[in-house]
Amino acid sequence: MCHRNNKLISNFLPFLFSPPHSHSQTKTQVPEENTIPLNPPQPVAQPGRHRKPMTTPNAPNTISPKTKKIIITVLIVAVILAILAVAAFFIKQLIDSKYYFCSKSVKFIPLEKACDGKEDCSGAEDESACVMPFGANSTFPLRLISTSNVLQVFNSAENKWKSVCEESFTQQHAETACQKLGYSVNPSFSKVQVGLLSSDLKMDFCVVGSSKPQTFQSTVTDRKVCNTGTVVTLTCSDCGKSRSQDRIVGGQDAIIENWPWQVSLQNSGQHTCGGSLVSPNWVVTAAHCFNGDGMKALVKWNVVSGITYLGSSGASSVDKIIVNRNYKSGRNDYDIAMIRLQSPITLGESRRPVCLPPQDLGLKKDASLVVTGWGHLMEKGNVSPKLQKAQIPLIDRASCQSPAVYGSSVTPRMICAGFLKGGVDACQGDSGGPLVYSSDHWMLVGVVSWGVGCARENRPGVYTNVDQMLDWIHSVMQEFA
């Protein structure tokens with residue numbers, strides 16, 4: 001407003017201060033006025049001189065019958081294609097559940113004929129990629145033992161384990177040992193005073209050779225004492241880490257980032273068992289997952305990792321399935337198997353291996369353990385769409401082997417965990433999954449194996465005792481590396 005008022009005043013200044021005019025002039029001079037309006041009206045168009053519009057007015061929004069016909073046809077085709085795709089998926093699922101496809105001879109055979117010991121496809125294709133039994137014929141030459149993770153080398157001539165003296169031990173030795181034990185990232189070692197060890201760990205010692213650390217178990221030198229008074233403790237540190245140490249009693253929802261070693265074993269796209277990632281290439285599970293027709297052909301199996309909710313996306317193909325040769329389905333003993341993946345899993349927050357425990361971890365009665373899986377939420381129920389977890393205590397062997405519980409059915413290759421009063425337990429669909437224990441990292445101490453019903457009184461869950469299976473696990477990883 002200020003600028004506008006100043007302009008009006010300036011227009012009248014000539015009038016106010018102009019000199020007086022002479023009376024002899026014939027016309028009286030009219031003071032100059034502001035003839036420019038502040039808001040000049042728009043010029044009125046004259047007839048016959050209409051301004052051409054800047055844009056053409058919008059035409060009525062109409063679609064021609066031909067265009068409508070094309071759109072309807074496209075939609076119908078899209079719906080038909082979607083129906084055909086869904087139908088094809090279910091037909092494939094049905095065929096995969098009943099038949100094995102021989103790609104070389106281009107024919108289908110009944111699924112029960114695949115991996116039955118008889119050649120039904122050309123080139124024995126149906127017998128070449130099957131679940132295989134394997135038994136460790138000798139003691140694995142390295143081990144970590146006790147909560148201190150003391151490194152020991154097995155002397156086969158003396159049939160003795162010898163603790164490794166810290167003198168002359170290098171980082172390269174640590175890397176070699178961890179690789180042989182199945183780990184490959186950031187291994188480290190430290191030392192512990194011999195005097196702090198239990199009596200069985202300070203009876204025999206050895207020093208590893210420094211020339212060829214890749215074969216150091218064959219170049220060890222026996223020692224009666226360690227010169228430095230210390231032995232090696234080894235940490236293979238790329239395992240047992242999760243985003244949270246969260247543990248809640250009872251069956252509760254879980255997220256994969258807290259249990260990133262949990263995987264789903266899927267047969268023809270259907271969740272069948274759980275498993276535990278112990279390295280980017282290897283999964284530990286239960287041998288009984290591969291019982292029955294259609295369970296022994298590798299092509300039927302995939303491993304799905306990094307998921308909280310059950311699904312089949314991002315599945316890893318299976319290269320080998322090895323079951324313990326001593327496993328017998330009627331006895332549940334030696335119920336362990338390993339799966340080698342065709343390509344290593346890329347590790348991340350939702351995909352990390354769990355640590356294998358040292359031998360003689362020494363868990364006591366009521367030690368707090370966690371079991372996870374997508375198994376049935378109740379006996380004779382349905383699988384859970386979301387990963388579940390439960391905190392359960394270790395049950396001492398004497399209680400589990402009592403006549404009121406399982407008696408002599410429980411062998412040294414088994415441990416029991418849960419509540420004798422019932423209420424919390426693993427169930428169908430959890431088989432093969434992890435039972436873990438944490439000190440400063442998570443360790444796989446059990447594999448979901450068997451039980452009578454789910455969460456019944458005096459019928460706790462029975463798990464494969466990983467401590468007793470370490471020789472076999474390490475032998476498999478070395479044999480099929």
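Helices (H or I, at least four residues) and strands (E, at least two) are DSSP runs, numbered from the N terminus. What you're looking at is a predicted model, where local features need pLDDT of at least 70, side-chain atom pairs count only at pLDDT 80 or more, and totals for chains, interfaces and linings use all residues. Residues are numbered from 1 along each chain as its sequence is written, and side-chain values use heavy atoms, with hydrogens and water left out.

**The chain overall**

- Of the chain's 481 residues, 44% are buried (under 20% relative accessible area; exposed is over 50%, and partly exposed is in between, with a 1.4 Å probe and protein chains only).
- Take the contacts (heavy atoms within 4.5 Å) between residues at least 6 apart in sequence: 66% of them join residues at least 24 apart.
- The accessible surface is about 26500 Å², and carbon and sulfur atoms account for 55% of that. These areas come from the Shrake-Rupley method with a 1.4 Å probe; for residues, only the protein chains shown count as cover.

**Helix H4**

- H4 covers residues 171-180, and its buried residues are His173, Ala174, Thr176, Ala177 and Cys178.
- An α-helix has 3.6 residues a turn, so residues three or four places apart point the same way.
- Just after the helix, Gly182 has a positive phi of about 105°.

**Strand E23 and its partners**

- Strand E23 (residues 461-465) is mostly covered, with 5 of its 5 residues buried.
- E23 runs antiparallel to strand E20 (residues 414-417), and 4 bridges join them; two strands pair if DSSP finds at least two bridges between them.
- Within that part of the sheet, Cys416 has Val462 of E23 as its bridge partner.
- E23 also pairs with strand E22 (residues 442-450), again antiparallel and over 4 bridges.
- Here Gly446 finds its bridge partner in Asn465 of E23.

**Aromatic pairs**

- Rings of Phe, Tyr and Trp (its six-membered ring) pair if their centres lie within 6.5 Å; planes under 30 degrees apart are stacked, over 60 edge-to-face, and the rest tilted.
- By this rule there are 11 aromatic pairs.
- Trp259 and Trp261 are an edge-to-face pair, because their ring centres sit 6.3 Å apart with the planes at 80°.
- Trp259 is buried at a relative accessible area of 0%, and Trp261 is buried at 0% too.
- Trp261 also pairs with Trp442, this time tilted: 6.3 Å centre to centre and 45° between the planes.
- That pair links distant parts of the chain, 181 residues apart: Trp261 is in the loop between strand E11 (252-253) and strand E12 (262-267), while Trp442 belongs to strand E22.
- Trp442 counts as buried, with 0% relative accessibility.
- Elsewhere, Tyr99, Phe101 and Phe108 form one aromatic cluster.

**Ser305**

- Ser305 sits in strand E15 (residues 301-305) and counts as buried, at 2% relative accessibility.
- Its side chain makes a polar contact with the side chain of Arg351 at 2.8 Å. A polar contact is a pair of N or O atoms within 3.5 Å; within protein, one must be able to donate a hydrogen and the other to accept it, and residues adjacent in sequence count only if both atoms are side-chain atoms.
- Leaving aside neighbours within four places in sequence, Ser305 is in contact with Val263, Ile345 and Arg351.
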